[in-house]
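Hi,

Here is the structure I promised to pass on. Have a look first, and my notes come after it.

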Amino acid sequence: MRVCIRVFGIVQGVGFRPTVKRHADACDIAGSVSNKGPYVEIFAEGSEECVHSFIKQIQEEPPKRAVILKLDAENVESGEDGIHKVESETDSKEKFQIIESEKEEGEIFVSPDIAICPECKKELYDKNDRRYLHPFINCTCCGPRLTILDSMPYDRVRTSMGEFPMCEKCEYEYTHAETRRFDAQPVCCNDCGPEVYLLGRKERGADAIRYTRKVISEGGIVAVKGIGGFHLCCDAAKEETVARLRQRKKRPMKPFAVMMKDLDVVRRECETEPHLEEILDGHQKPIILLPKKEGGTLCESVAPDNPKIGVMLPYAPVQLLLFDYQDETKVSDCLVMTSANTSGAPICRDDEDALNELSGLCDVILSHDRKIRLRADDTVMDFYRGEPYMIRRSRGYAPLPFMMGNEFKGQVLAVGGELKNAFCIGKNQLFYPSPYIGDMGDVRTVKALKESVKRMEELLETKPQIVACDMHPSYNTRAAAEEMGLPVFLVQHHYAHILSCMAENEWTTEKKVIGVSFDGTGYGTDGTIWGGEILLADYDSFTRWGCIEPFAQTGGDVSAKEGWRIAVSLLGKIYGKENALQIIETLGLCEPKLAKLQFTMEERGINTVQSTSAGRLFDAVSAILDIRKSSTFEGEASTSLQFAAEKWLDAQQQKTFYQQQIDINRNMKVSQENSSDADQKIIADRNKSMNLKSISDVAQKSVVEKNNSINRNIKADLYYLPTLSLVKEVAERKLAGENSNQLALHFHRRLAGMIVSACEKAREEIGINTVALSGGVYQNKLLLDYSVTMLEERGFHVLRHHLLPPNDGGISLGQAVAAMRSLQKGE
């Protein structure tokens with residue numbers, strides 16, 4: 001029996017061909033395997049039983065890091081091209097051989113970078129192994145992939161490792177199937193591989209690592225070149241050192257990621273669970289957000305006022321060597337490991353960048369001479385309902401594609417969002433989001449975007465017919481798109497969010513969804529700022545069906561950082577400007593003269609736009625509750641509001657059952673009349689403990705009744721969620737002395753209730769039963785959980801994100817899908 005087998009998926013750079021050969025030898029199969037770029041092609045000849053067993057082994061026992069998306073097998077006759085190849089190979093010394101890669105057009109799957117595997121980690125610290133303490137140890141199952149790749153197919157000559165000729169021993173391993181490094185493209189050792197060194201100093205190799213460890217142990221800050229770029233690193237237990245890093249990087253509050261030595265350290269410092277540890281210590285090794293334990297060794301400046309810490313384990317050999325090396329220096333088992341860049345710039349990837357941008361931020365720079373072809377920052381991940389909930393998709397995950405239906409044909413580029421930028425290339429039914437690039441407010445990041453687009457187009461062998469971008473006329477991403485010499489396709493920001501959610505969930509092209517797109521800023525089709533939107537959408541178009549109540553956003557870009565300004569605007573609209581002044585002063589939002597100045601700017605239209613930004617609404621409530629009046633990084637005030645709500649929730653859950661019963665009895669009557677948040681929480685907790693519906697039957701009855709006050713704006717043909725009444729209620733209850741954390745929770749529940757009521761009204765009017773939740777506000781898992789739970793209890797089918805960020809880091813997929821659909825329609 002003779003067959004031709006084609007295997008599609010992540011079959012490049014994961015040891016697929018060596019594995020196929022081992023299966024072939026075990027099954028007594030003659031033939032060959034080759035890497036075609038888009039797929040692996042296998043010609044197999046043997047008895048029918050042997051061939052079937054061979055195919056089964058390929059499917060059931062692929063390499064550890066492979067992902068088989070499709071396997072096609074067809075019979076071939078003697079005399080066809082493949083069989084000539086088989087017969088010629090069978091005359092040679094071995095019956096089944098790996099033959100030279102050939103390049104063909106078609107679907108391409110590029111492997112992400114893979115963290116160091118347990119076998120290599122064991123060899124790294126084995127004094128009898130020839131790769132003992134080798135900073136670049138790797139094998140067929142681990143090591144760099146995307147970041148060193150020049151072009152496909154994935155072979156050494158087409159990577160940055162091609163500059164390092166293999167020694168005799170490495171070449172033997174590379175060419176012999178019985179070794180762990182058979183056909184491992186980045187294979188090297190201390191004798192023939194790249195070398196680490198200190199920039200501006202004489203130390204190289206082991207001396208460079210020892211000196212770097214000494215600087216860390218003495219409280220210094222170092223820059224370290226890894227797989228996809230540089231990190232800034234220091235002892236996470238030293239308050240003075242971390243504070244100095246914050247001062248140098250001008251990052252007063254935004255949390256730093258921490259690299260911990262191993263899982264035992266993670267368990268000591270954080271609350272964790274087995275399903276989290278499986279991914280934390282898996283072959284992708286992302287940063288995962290974990291609750292901090294009390295009494296841990298991490299200093300407060302690592303993540304100020306934040307109950308969680310971003311944790312990752314070492315994924316590159318050089319990182320392991322920072323923790324444990326053959327010297328007398330003792331280094332902390334918790335190291336700050338944050339992206340090495342100046343504010344607004346992309347992560348540094350070469351020595352020139354490092355010298356220019358990092359010299360003033362660190363005390364020493366540990367680099368190496370293996371070139372990074374494509375930047376790849378660390379992936380950041382949260383979890384929801386026991387599943388990954390992506391915050392930043394990059395190393396270990398990009399550029400794995402999302403697959404759509406066969407009706408998608410063509411080649412497109414989408415340049416993504418202005419913030420948290422990642423672009424996307426669409427090639428027929430496959431859509432490849434790039435690694436994280438950064439915020440496009442800096443010319444260096446725009447340059448990095450253009451360089452990365454060019455590199456990815458080469459790797460994926462694409463020539464886009466059209467480029468999609470955001471509608472905002474002032475975005476650098478739009479300017480970059482317009483400079484590419486391709487037809488430009490504009491995609492409304494919030495529509496792109498909903499499309500990205502639909503595409504990730506492989507939603508069918510024929511059906512509409514109710515899209516809840518809540519974020520900070522998006523340019524609307526009416527020229528105003530959108531951000532709290534209810535859309536009716538499919539892959540072809542959308543209708544703006546509803547939104548939160550509009551308000552004046554005064555102060556330009558600074559209003560996105562100073563939530564008190566939004567609070568002043570909202571209170572002025574609610575109470576009238578004169579009446580609002582006393583409330584503003586009592587709440588401590590600002591001085592009366594400053595509030596008057598803002599009202600004057602608003603009246604005269606100076607630096608003022610109309611906005612429905614949900615992100616700014618969160619900022620305003622955070623300011624009213626005196627949680628955060630301004631933000632030093634994007635989302636600080638909003639996330640602080642979430643943390644305050646969760647703190648109240650946790651405190652309530654810690655009450656004794658006896659105390660809950662007293663509270664329930666005391667507040668049942670008030671709950672019926674006033675729907676107070678505390679009462680709803682108590683009832684919800686009781687029902688949850690009794691396995692009753694925690695929201696729909698009791699706790700949310702009065703919430704829904706209140707939310708039914710959503711009114712249709714006849715002139716604009718929009719439904720307005722009554723968010724002004726919610727702000728008014730929160731402000732008045734704060735003035736009455738109620739607890740800010742309790743009111744923060746109330747805000748989340750009431751807003752979720754409004755969203756659900758709006759979706760119910762849309763279903764009544766339009767008949768759509770599927771809701772897609774997207775936008776940066778839905779990084780807030782408290783709002784997400786209330787929204788999902790209420791919607792599901794009311795019979796909705798809910799689409800949400802999993803491995804694509806809900807924030808602007810995911811919108812390029814939506815842009816690309818919209819552009820591809822436009823090609824199908826001939827637009």
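This is a predicted model: local features need pLDDT of at least 70, side-chain atom pairs count only at pLDDT 80 or more; totals for chains, interfaces and linings use all residues.

Residues are numbered from 1 along each chain as its sequence is written, and side-chain values use heavy atoms, with hydrogens and water left out.

**Confidence.** The chain has a mean pLDDT (the predictor's confidence in each residue, from 0 to 100) of 89, and 89% of its residues reach 70 or more. Residues 81-93 have pLDDT below 50, and this stretch has 26 contacts in the model beyond near neighbours in sequence (contact means heavy atoms within 4.5 Å). Residues 668-715 are also below 50, with 97 such contacts.

**The sheet.** There is an open sheet of six strands with mixed pairing, in the order β16-β19-β18-β17-β20-β21. β16 and β21 are at the edges with a single partner strand each, so one side of each has no neighbour in the sheet. On terms: helices (H or I, at least four residues) and strands (E, at least two) are DSSP runs numbered from the N terminus, and two strands pair if DSSP finds at least two bridges between them.

β20 (residues 466-470) pairs with β21 (residues 488-491) in the parallel sense, over four bridges. Between them the chain passes through helix α13 (residues 476-482), and this β-α-β crossover is right-handed (with the strands pointing away from the viewer, the path from the first strand over the helix to the second runs clockwise). β20 also pairs in the parallel sense with β17 (residues 411-414), over three bridges.

A pocket here, on a 1 Å grid over the protein atoms alone, is an open set of points where a 1.4 Å probe fits, with protein on both sides within 12 Å along at least five of seven lines; lining residues have an atom within 4 Å of a point. Of the 25 lining residues, V67, R393, L400, P401 and L803 are closest to the centre. β4 (67-75), β16 (402-403) and α14 (493-504) each supply at least two lining residues.

Most residues other than glycine have a negative phi, and most peptide bonds are trans. A cis peptide bond joins A398 and P399, with omega about 5 degrees; P399 is in the loop between β15 (387-392) and β16. D305, not a glycine, has a positive phi of about 55 degrees.

Cheers
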